[in-house]
Each structure stands twice: as C-alpha cells, then as structure tokens.
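I set out to record what I looked up in this structure, entry by entry.

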Amino acid sequence: MICLVLTGSTIEENVSQFERNREYVDLVELRIDLLHESSRVRAALFPSLVDVPVIVTIRRQSDGGRYAGPERSRLALLESILDGDFAYVDIEYDVKRSIAEQKARGKGIRIIRSTHDFNGLPDDIFHRISKIAAKGDIPKLAVTPNSIIDLITLFRVRTELKGVDEKIVLGMGDFGLPSRILYKRMGSLWTYCSEIPIAPGQITARQMKTLYHADRVDDRTHIYGVIGNPVLHSFSPRIQNPGFRGINFNAIYLPFPVDSVRSFFILAEMLHISGFSVTVPHKQAVLPYLGKITREVKQIGSCNTVVRSKNLWVGMNTDYYGFVEPLVTEIDAKKIQSALVIGAGGAARAVVWALRNHGCKVTIVNRNVDRAKHLAMETMASYDSLDNANEYYKVDLVVQTTSVGMVPDVDGDPIPEYPFNRNQVVYELVYRPKYTRMMQRALEAGCRLHFGIDMLVRQGKHQFEAFTGYHYPKRLEHNLELEED
Ligand code: ATR
C-alpha cells in the first residue's frame, strides 16, 4: 500500500491534496502537528471526508514533527481527536500507557508504535520490532541508513523477522530511498509519500505509483537499478521502468546511492539484483567484481552496465554504442574519416576508442596535454593542446566531451574561436542544456548536429536490451524525447 502523508495546514487543503493524489494512494496520514490550531479542533471530522483509511498522528519536534506543546496536552488532543473514525493512530514507542491509547483500544483503532532515528540505525533494531509486535501493535521503524552496509541491515528485517507479519519499516535519507521503493521486499505494510516531500528522502505518491509501480512488486519481480553518488536525479528510471512495462516484464529499476561498490555487490547478491547501470564515480570501481567483460570495457577501462548471467556479473559499456551508433553509416561511407575530440577524461576514452575501432583518424585536444598524450598513445591517435584546437578546422567530425558549457555554466565554450564549417558534423556530449554555446555556433555555421540527450537515451536503450534481451518498445521512444527537460 502507498500512504500519502498530508502536509496541508487546513482540513480543506488536506482534502484537496488527497483528491489530487487519489489514484495513487491506498491510505493517508493526517498530521495534526502540521495543521493550524484552528483546524486541529476539527480534525475528528476528517475520516468522514475521504474514502480511504486514515492514520492520525501528532508528531513531536523531537521526532521530526512540528508539535511544540507539552506532552500532556498533546496526548489530550490526540484523545479528543480519536472521536473520529480513524483506522490507525500513531503513538510513539516511548509513550507509556495513555488515555489516547486506552480510547484507541476501546474503539478498535489499530495502534502503530513508531520509533524514529534521524542519525542512524538503533542497535536493537530487530528486538525492538519483535517486542512491539508481541503486544499486538504495529511496529513502525523510521531510521536513517548512512551507508550501503546500513541498508543491508535494514533489508535483513525481512528474514530476521519473518514471523512479524505486520510492520512498517523505512529508511530515511538518500541511502534509504531503495527501502522506501522496495518496501514490499522488506515486508513493510506500506510506504510513505507526500505531495511535497517533508521527510528526508521521501518521493511523491505519483512517482511511487506511476514511475516505480512500487505496490506491484512481488517475489518474482526482477530488480534493476543505477548505482552512483549522487544518483537520485538520474534520468535512467524514466527510460527503463516504462520500457519494462511496455514489454510486460515484471521488473523495477530504481536509484541506489552507493558509497562502497564492494558493499553494493553484497546487497546485489542478497536482493538478487538482475542488473544495474553504473554512473559517476563508480565506472572503474566495479571492474574487480566482474566475472566477464566485453571488449570495449577492456579498452576503455570503464563499465556502465552490469548484468547477472549464469551466476556471473558481466560488464559492458553502452556509452560506447550510444555514442557511435548515429555515426556508423557516415564513417562506413567514408563521409567521416577524421575527428577532433575535445577532452581526454573518462567520456573521451569511450569516444576515442569507438572512433578508432571504426577506423577514424583522431586528434585529441585537452587542457592538460599529458592526459591527451596518454590517451593518444593507447589508442594510436594524435594529440595537441586545447589552445591549438583551431588548427584542426579541416576535420569531418568534432566531438566535445568535457563538462564545459554544462549547466550552470552555460556561457562556457571550450573552443570559442573554432571556425566551424557547413561540411562538418558536430557532436556534443553535454545534454543540459541541449544547445550549448558551442552547439549554437555550430548550428549557425550550418553543421549537422548530434546531441548529448540523444546519446543518453540511446545508451539507455542498449542497457534495456542487455537487461531484458528485447528491443526498447518503439512506441515509447517518443516519450523519452518529451522528457528531456
Ligand atoms: P568525464 O568522465 O566527464 O570525461 P573527467 O574524466 O573528469 O570527466 O574529464 C573531464 C574532462 O573535461 C577533461 O578532459 C578535463 O580537462 P583536463 O584533463 O585538462 O582537466 C576537461 N575539462 C574540465 N573542465 C575544463 C575547463 N574548464 N576547460 C577545459 N577543459 C576542461
């Protein structure tokens, strides 16, 4: 189930919030501490205004809420609000026998015993859950994993506490996000979402339902993801999840913020993860864990796609194919024979190897000439200083691989004086903005352009093929272009 935490300050606002999210949620939590004083007294009415079960909660400041009054008043307020037809009441773990609790029990309102840790994981995490469950209440544990190792502990809840059917477990913060999305894999009754995220790491109910379909995860769902740091704003879930649904594949793709690649491989085995994308800064760090790698991974020394195959982790690099695909016809027709590559970093490695493997003559220019030289020696290319880029005005193709020109520094141009001509093909790897300064100049000069955003989508489609064995559904490609900004 997906629970919407209502964040409005009036009853009316909360009803509208619920109505806007009606199609995504199964129950709601009314947070009395977020309501104006004047609305609090009317809160008992709320369950009669919505057609889903309601949890009532008055969260204290010490537990991340806004209620600042004395404890006695808080519990008295809760007791009076329980006149309403609530399905659940959230009472904190440390609150000893109260009148609110008695009233809830008398009325058959289920008690959720919540405990929060905004800094880490409590040492007695499993014990605490089973102790609460033994009393017949529903334990709720909202904790903060600070690493993948902590996340592994959290996911162990499922096996350690197999006997506890009813529990709510969630990890807050960036590292906790996978536990919110894969709540069913932890044996958690529901996950919390809100329209405007109010707790660290919360996502919207719409995303939870329509992007991840988190409520449809079952024991047969194949888990895929993207690892990186940071990774929460990755575009890839928006490529892969709709694709999975497009071919009726019971699978989910989610972001995993990863601090240690080594720990992630332990989590991956534990959750039976079927494959994952790899982004900055882990593209090299995954290599020692791979049982098999493809030729381009060996050449480039970096891997952006890992799939589980016959008990081996197999590494590929779809950036390579996403980059070179739109050029192959012209290279084969000898329309592109020479290229100038700007930059000599990780992205340039894939570009230079792809062009060299296809028989293109390449000159690498870079601010740090030694770095250009190093890559040039490896790939049998030429190199020069970035300052001399203008001398290579006769090449058929110019590829820009540095971060210069990317938001927020949109005025940046690594080759501001370069004399583009209309016979050239220009390929920009930066995808935000779509038209960088350099691309605007290339457009004005009449060059043919290839955009970073298209490369991103193409490499994602190759990943989809590696994950599923199927082509990306053609009818969904249109959506990917629309999602660009
Ligand atoms: P990536 O994996 O995105 O390629 P990287 O390996 O850090 O990232 O490489 C960054 C590239 O952008 C390098 O070629 C870098 O040039 P240096 O090797 O001289 O550092 C280039 N780069 C970054 N900022 C730059 C700038 N302001 N001007 C010119 N080149 C720049």
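The entries below cover the basis of the model, the ligand site and the salt bridges.

**Basis.** I worked from a predicted model, in which local features need pLDDT of at least 70 and side-chain atom pairs count only at pLDDT 80 or more, while totals for chains, interfaces and linings use all residues. Residues are numbered from 1 along each chain as its sequence is written, and side-chain values use heavy atoms, with hydrogens and water left out.

**Ligand.** I found 13 residues surrounding the ligand, the closest including Gly346 and Arg371 (a residue is near if one of its heavy atoms lies within 4 Å). By class, this shell has four nonpolar, seven polar and two charged residues. I then looked up the polar contacts (pairs of N or O atoms within 3.5 Å). An oxygen atom of the ligand lies 2.7 Å from a side-chain N or O atom of Asn366, and an oxygen atom of the ligand lies 2.9 Å from a side-chain N or O atom of Arg367.

**Salt bridges.** Arg60 pairs with Asp63, with the closest N and O atoms 2.7 Å apart, and with Asp94, with the closest N and O atoms 2.8 Å apart. I noted Arg60 as buried, at a relative accessible area of 14%, and Asp94 as partly exposed, at 42% (buried is under 20%, exposed over 50%, partly exposed in between, with a 1.4 Å probe and protein chains only). Arg60, Asp63 and Asp94 belong to a salt-bridge network that also includes Arg59 and Lys140.

Note on methods: A polar contact is a pair of N or O atoms within 3.5 Å; within protein, one must be able to donate a hydrogen and the other to accept it, and residues adjacent in sequence count only if both atoms are side-chain atoms. Ala, Val, Leu, Ile, Met, Phe, Trp, Tyr, Cys and Pro count as nonpolar, Asp, Glu, Lys and Arg as charged, and the others, Gly among them, as polar. A salt bridge is a side-chain nitrogen of Lys or Arg within 4 Å of a carboxyl oxygen of Asp or Glu.
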